[in-house]
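The following exercises concern a single protein model. Each task is followed by a solution in steps.

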Amino acid sequence: MPPQDNELPLLLNSREEETAYDSSQKVVVVGIDERDDGDLSPPFSWKRLWLYSGPGFLMSIAFLDPGNLEGDLQSGAIAGYSLLWLLMWATAMGLIIQLLSARLGVATGRHLAELCRDEYPFWARIVLWLMTEVALIGSDIQEVIGSAIAIRILSNGLVPLWAGVVITALDCFVFLFLENYGVRKLEAFFAVLIGLMALSFAWMFGKAKPDGVDVLLGVLVPKLSSRTIQQAVGVVGCIIMPHNVYLHSALVQSRQIDHTKKGRVQEALNYYSIESTIALVVSFVINIFVTTVFAKGFYGTEIANRIGLVNAGQYLQEKYGGGVFPILYIWGIGLLAAGQSSTITGTYAGQFIMGGFLNLRLKKWMRALITRSFAIIPTMIVALIFDTSEESLDVLNEWLNVLQSVQIPFALIPLLCLVSKEQIMGSFKIGPVLKIVSWLVAALVIVINGYLLLEFFSSEVNGAVFATIVCVLTAAYVAFVLYLIIRDIAFSPWNSLTRSKTVDTGN
């Protein structure tokens, strides 16, 4: 580890605030073109785009995690090619949200968790932190289980699920090892994992040979029926990940940006927009590969409704056979790359979220260990309980999807409130058109996830006591969501004054 990190105690009682990256860790971009046009953004440069590339691809991994892959394969098996258009538009909605997250991080020099710490009273930011941690744990359980399933496939069943969880837990040390060699090395590692996913699923696509015309029509022609509504809701619901919104606002601070020059800030926003768009186009293509493979092989069959992440590899093997490169193991390689990359980015996100909300300045290994433990301990329990039951794992996955759906407003509402405020964003606050579009996207995502929750609880909630508990928790949940919205409307003119008084009094 770097010498300065070894000199840190586990926890510093310092007035210095936690930051996403130290200045020594940031990638220097200024200097390629020595011209300084002040408020004007420098002309486009491929070399600059290369230096800004990285954060968007790390962000895109949340669109390729095992939870999304399971949504893809179930969508393909049950709905065929008919929901590909929805996958495209859901990815576009996700892009809008992630660009706003990047905009917040670049314009303010701080990430979403740090800004929430200053923006909301103590009780509200603690609730936001807890809800975000719960969403992160739920996501991480899916990702770790996905990796463990892949390890079991690649070991030909010799490694049980719980052992795969232990192996996956060790990825935090890989993360720490790579992080000490610089941000670019870490980004290169993730690029390799995304490349593995792309090659694996592209090979499966070539093996299955879906009809190109059917795929194109599925992307361009909207179709939706009552029979596929649940898969449609799942496609949209799994795109927006609460922890990923927090993560992207921190990742963009890995580049050294001169915030005193408006042109440099605008330049960073431009390049991050291009890079994030490319990254999500790549993720969309990979998701297309997975969806169409299962659409080609299983749509309209009796087993379509029984396919899940646990048994998908076996069904692929039975459908497409072995050969020199058995499709079962190709699927396992792609799933392992998806699981490992998403669990490591989950560790990364957990550090930013905890450090930002609580302002804890911990050594890197301690932050990674704490973040990893939050997910690994419950995941190990899950693996031991559900190791031999595919149906139980599918039910668990449904509950985890619900858990993450509940948390979505606690990332979207603070983000949209903050990027709309001039006292926070300055001249980079979003305009009225983008603000309307963003709130419409957020409202659509929240409503769709609300439908998912309503459908789930209407079928799962039984008994007066359980129903009462759910009703009370729902009332508290709705009240807090309304508080976040109404507070922004009612108190935004006083926010800057309140913060300045707090600084003056030293609180």
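**Exercise 1.** In which helix is the place of serine 438? Determine also whether serine 438 is buried or exposed.

*Solution.* The model is predicted: local features need pLDDT of at least 70, side-chain atom pairs count only at pLDDT 80 or more, and totals for chains, interfaces and linings use all residues. Residues are numbered from 1 along each chain as its sequence is written, and side-chain values use heavy atoms, with hydrogens and water left out.

Step 1. Serine 438 belongs to helix α21, residues 432-460. Helices are DSSP runs of H or I with at least four residues, numbered from the N terminus.

Step 2. The relative accessible area of serine 438 is 0%, so the residue is buried. Buried means under 20%, exposed over 50%, and partly exposed in between, with a 1.4 Å probe and protein chains only.

Step 3. Apart from residues up to four places away in sequence, serine 438 touches Ile96, Leu100 and Leu416; contact means heavy atoms within 4.5 Å.

**Exercise 2.** Identify the residues of the largest nonpolar core that touch the most other members, and list the contacts of tryptophan 331.

*Solution.* Step 1. A nonpolar core is a set of buried Ala, Val, Leu, Ile, Met, Phe, Trp, Tyr and Cys residues joined through side-chain atoms within 4.5 Å. The largest one has 140 residues, and Ile145, Phe201, Phe294, Leu316, Trp331 and Tyr348 touch the most other members.

Step 2. Helix α14 (residues 262-298) supplies the largest share of this core, 15 residues.

Step 3. Beyond its neighbours within four places in sequence, tryptophan 331 is in contact with Leu73, Ile153, Phe201, Met204, Val290, Phe294, Leu309, Ala312, Gly313 and Leu316.

**Exercise 3.** How many aromatic pairs are there? Describe the pairs of phenylalanine 189 with phenylalanine 190 and of phenylalanine 298 with tyrosine 315.

*Solution.* Step 1. Rings of Phe, Tyr and Trp (its six-membered ring) pair if their centres lie within 6.5 Å; planes under 30 degrees apart count as stacked, over 60 as edge-to-face and the rest as tilted. The count is 17 aromatic pairs.

Step 2. Phenylalanine 189 and phenylalanine 190 are edge-to-face, at 5.8 Å centre to centre with 65° between the planes. Phenylalanine 189 is partly exposed at 26% relative accessible area, whereas phenylalanine 190 is buried at 1%.

Step 3. Phenylalanine 298 and tyrosine 315 are also edge-to-face, with centres 6.4 Å apart and planes at 65°. Phenylalanine 298 lies in helix α14 and tyrosine 315 in helix α15 (residues 312-320), so this pair ties together parts 17 residues apart in sequence. Phenylalanine 298 and tyrosine 315 are both buried.

Technical notes. Helices (H or I, at least four residues) and strands (E, at least two) are DSSP runs, numbered from the N terminus.
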